[in-house]
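I opened this notebook to record what I looked up in one model, entry by entry. The first thing I wanted was the surroundings of a single side chain.

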Amino acid sequence: MPRKLSIALLATLALAACNEQAPTNQTPIKVRGAEQDQLHKLDAFNLAIALKRAIYDAGYTCKRVTDGGFVGEWQNLDMWMAHCVYDKGAPRDWAIFAGPDGSAQVRDCRDVPASGLPACVIKRRPKGSFSEVK
């Protein structure tokens with residue numbers, strides 16, 4: 001191999017090695033908001049109101065929430081699920097992602113598996129009834 005080519009190859013390898021970074025043991029930052037924590041404290045009736053409002057604010061409809069609860073965390077979002085029934089038409093399950101800034105994102109649970117998001121499976125239900133105040 002000619003000398004100039006060898007020098008150029010070694011220089012390129014040296015520069016490439018400079019761009020590699022050593023792995024770091026950084027703990028990911030967890031951002032939480034007061035709104036996220038408040039949802040966990042609600043009874044079933046008031047959680048139904050909160051989830052229904054998020055669904056309506058996103059431009060969808062929900063006649064009545066008959067079941068719902070906490071699904072889990074995804075990144076900095078808390079994932080909730082609401083089972084909505086309607087006077088006419090089939091019931092629908094909605095995934096509601098509550099952000100640390102008080103925002104909510106809503107997705108139809110049928111679309112969730114293809115998007116790489118957690119499945120709409122309730123892991124913790126609130127106390128009380130979704131249909132009556134006690």
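I placed Gln36 in helix H2, which covers residues 34–41; helices (H or I, at least four residues) and strands (E, at least two) are DSSP runs numbered from the N terminus. I then looked up the accessibility of Gln36 and noted that Gln36 is buried, with a relative accessible area of 0%. The classes I use are buried for under 20% relative accessible area, exposed for over 50%, and partly exposed in between, with a 1.4 Å probe and protein chains only.

On conventions, I number residues from 1 along each chain as its sequence is written, and I use heavy atoms for side-chain values, with hydrogens and water left out. Because the model is predicted, local features need pLDDT of at least 70 and side-chain atom pairs count only at pLDDT 80 or more, while totals for chains, interfaces and linings use all residues.

Next I stepped back to the chain. I counted 4 helices and 4 strands, and read along the sequence they follow the pattern α-α-α-β-β-β-β-α. Buried residues make up 30% of the 134 residues. Of the contacts with a separation of 6 or more, I noted that 50% are between residues 24 or more positions apart. The chain exposes about 9,300 Å², of which carbon and sulfur atoms supply 55%, by the Shrake-Rupley method with a 1.4 Å probe.

Which residues are closest to the centre of the largest pocket? I first recorded its volume, about 360 Å³, and then that 16 residues line the largest pocket, with Glu35, Leu39, Ala50, Gly102 and Ala104 the closest to its centre. Here a pocket is an open set of points on a 1 Å grid over the protein atoms alone, where a 1.4 Å probe fits, with protein on both sides within 12 Å along at least five of seven lines, and lining residues have an atom within 4 Å of a point; the volume is the space filled by probe spheres set on the points. H2, helix H3 (44–57) and strand E3 (92–98) each supply at least two lining residues, and the largest share, 5 residues, comes from H3. By class I listed 9 nonpolar, 4 polar and 3 charged residues in the lining, with Gly counted as polar.

My last search was for salt bridges (a side-chain nitrogen of Lys or Arg within 4 Å of a carboxyl oxygen of Asp or Glu), and over the whole structure it returned 5. One of them joins Asp67 and Arg125, whose closest N and O atoms are 2.9 Å apart. Asp67 lies in strand E1 (residues 64–74) and Arg125 in the segment after helix H4 (112–115), so this pair ties together parts 58 residues apart in sequence. Arg125 is partly exposed at 47%.

Asp108 and Arg92 form another, at 2.7 Å from N to O, linking strand E4 (residues 104–108) to strand E3 across 16 residues. I also found Arg110 paired with Asp108 at 2.8 Å, and noted that Arg92, Asp108 and Arg110 are linked in a network of salt bridges. By relative accessible area, Asp108 is buried at 6%, Arg92 is partly exposed at 30% and Arg110 is exposed at 62%.

Note on methods: Contact = heavy atoms within 4.5 Å.
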